Amino acid sequence: MVTIGPSTTRSFADTVIAGGYVTAKVFEDLDNDGVWDAGEPWREDEKLTLSPTGESRVTDAYGTTIFMSPVGAYTLTLDVPDSLTCTSSNPATGTMTLGGSVTKYFALKRQSSATVSGSVWMDKNSNQVYEGSESGLQNVWVGVTSNGGTNVLSFAFTDNHGNYTLTVPANSPPGTSPYAIEAIPPSGYYPTTAASFTGVLLTAGQTLSSKNFGMNSFQKITLNSARVLCLASGDLMEKDWTNNQAPQADADLILGADANGTDQISIWFNQYNSPALFSTNRSYARQAPNSVLSVAADSLTEDPAPYSGRLDIVTGTKLAGAGNLFAWYTQSTSGNEGYLPSTYSKAYRTNDNGDVQSVLTTDCTGGTGIDIIAGTKSPTAGQGTIEIWRSDNAILPTFTRLEIYPPSGVIPSNSLGEVTAMALADLKNSGKKDLVVGTRTGSYNGQVMIFSRKDSSFVYRLDEKKTIVNGAVTTLACVDVNHDGRLDIVAGTQTGTGSGNLIYYRNKGTSVLSFSQDDSISAPGIPLSLAAGDLGGTNGTDIVLGWRTNETSYGGGVSIYYLDSGNLTGASAVDPSGGTVTNMAPAVTVNNFNYGVKPAPPYPYLSDIAAGIKSSATTGALIVFVR
């Protein structure tokens, strides 16, 4: 037996939209008469957008799509593919009446082609001139792209003489969508010329020749190291001069390691103008109270000539009995030049008793001395703080805690997250450095916190928070990605056990700092470290990424993203090691390592890379990539 309940009546509200229908038809106009004729093919998957509704649709197999338009004026716009041009009115306009219906035809014709040609050569002396003794490079990818590198219109690999020829649709007229000609440096190479020629307009039948790209190879120096966690560089002013001469002004290497052993700090003195730039083994080591998670090099002390500007270091560590924040004042007595003392000079403890995962140095409190900014991971998961420690401006300074964020800084709900990365940058071009902080609020959640330098109620005040629901921030860098004269933010995030992204936040240039997420690309693995510097190509800043394959292995590598194209999408990851580095890189730093003042090297002065590599829990290397 089946029992059926009593009948029920329901009412549903309905609203009649006042308007009519706009039908769009897109076809290929083979005879160029602007009218569809029998036999002319319809265009499928062409995108159109109706205004004022903002609705977008794509055409079906018959080149057709239908929009509902409200009463009044409307505009229908076709996104024209790069290889075609629209010979009919685009956008099409009209006025919709109640219950009206109209059909708009869009005629497309194939554009005439143009040719781009050039060479890629081995620029042995990096002087950007293709000289007779220099040879072409084979199998280098060269392509013509549009839409910021998103669309590849044509590409080829250079022949055995380094030459390439590409055929692409002409784009002028209309000249509204310039192309870029790009070359991807082979693994182990860097560009000595521009890696991307932008703003390219080509007329029908034009041949654009001599678009040449110079490349040179990195010199790789491998140093013995292990248990790498962090890295810094700068001149500690070891005794590398005689009599009253000035120090060499060469960049030494400072490495922080975990708590195993008695060498949490290792130093390599730069031996500029010697056959070996660095000794394979470190110059000396120091024991810290616990694992050194972060390190900053700056001139904290006031030193007489010739030691003015000599670098000291600040280390952030896992919490130890002595604290978690330590200042080390480099010695200058005879025979001790450039050597850190056998133990820390000053010890401090953050208020939360956490681990100091990031540390920065700058004069941010208005005195004559250098202050310290410490970012922590608090004992409670998903929480952390920022602390500012003010220098007393003495010759051998003492530091006093000035502010804790939160509650300082006007942070919503007084919730910051675990601080995983920090960067100082003049984001307003005001002459003062603002503060960018990356946090982890969950396994794969985080924030980018952008603080403006205020000097009033707080040293820094939060201007904008970027919440990331599918990624915890692991590292970040400030760099002018789009070449507009303002520093942007690139954040590395972890999105899974073996995945991550690089996110580009564009600086809008507003008085209250505001950024828009303009791009996001997949990283080769989990981002661990980022550094910015001019690493080749045009005179802009690029980024270098240290990454890990996944959470359970020590696989990974180092990748350079050349930003000549003005975005991340158009930047391919280039391995400076030529495939020889296959392990995780927890730390990278950029400096000019093959530079000194006796004798000064010839111009140009090129930035180099140092990367801390970890191949197991107890083994690794420090690798310097010299240009």
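**Exercise 1. Find the domains of the protein chain, and state how far apart domain 2 and domain 4 lie.**

Step 1. The chain splits into domain 1 (19-110), domain 2 (113-217), domain 3 (220-405 + 592-626) and domain 4 (410-589). These bounds come from an automatic or database domain assignment. Residues are numbered from 1 along each chain as its sequence is written. The model is predicted: local features need pLDDT of at least 70, side-chain atom pairs count only at pLDDT 80 or more, and totals for chains, interfaces and linings use all residues.

Step 2. Take the C-alpha centres of domain 2 and domain 4: they are 29 Å apart.

**Exercise 2. Describe the area buried between domain 2 and domain 4.**

Step 1. Buried area is the accessible area (1.4 Å probe) that two parts lose on being put together, summed over both.

Step 2. Domain 2 and domain 4 bury about 1,100 Å² between them. Carbon and sulfur atoms carry 57% of it.

Step 3. Within domain 2, Gly148, Ser187 and Pro191 lose the most area to domain 4. Together they make up 29% of what that side buries.

**Exercise 3. Count the contacts between domain 2 and domain 4.**

Step 1. Contact means heavy atoms within 4.5 Å. By that rule, 18 residues of domain 2 touch 17 residues of domain 4.

Step 2. Look for salt bridges (a side-chain nitrogen of Lys or Arg within 4 Å of a carboxyl oxygen of Asp or Glu). The count between domain 2 and domain 4 is 0.

Notes:
Heavy atoms only, no water.
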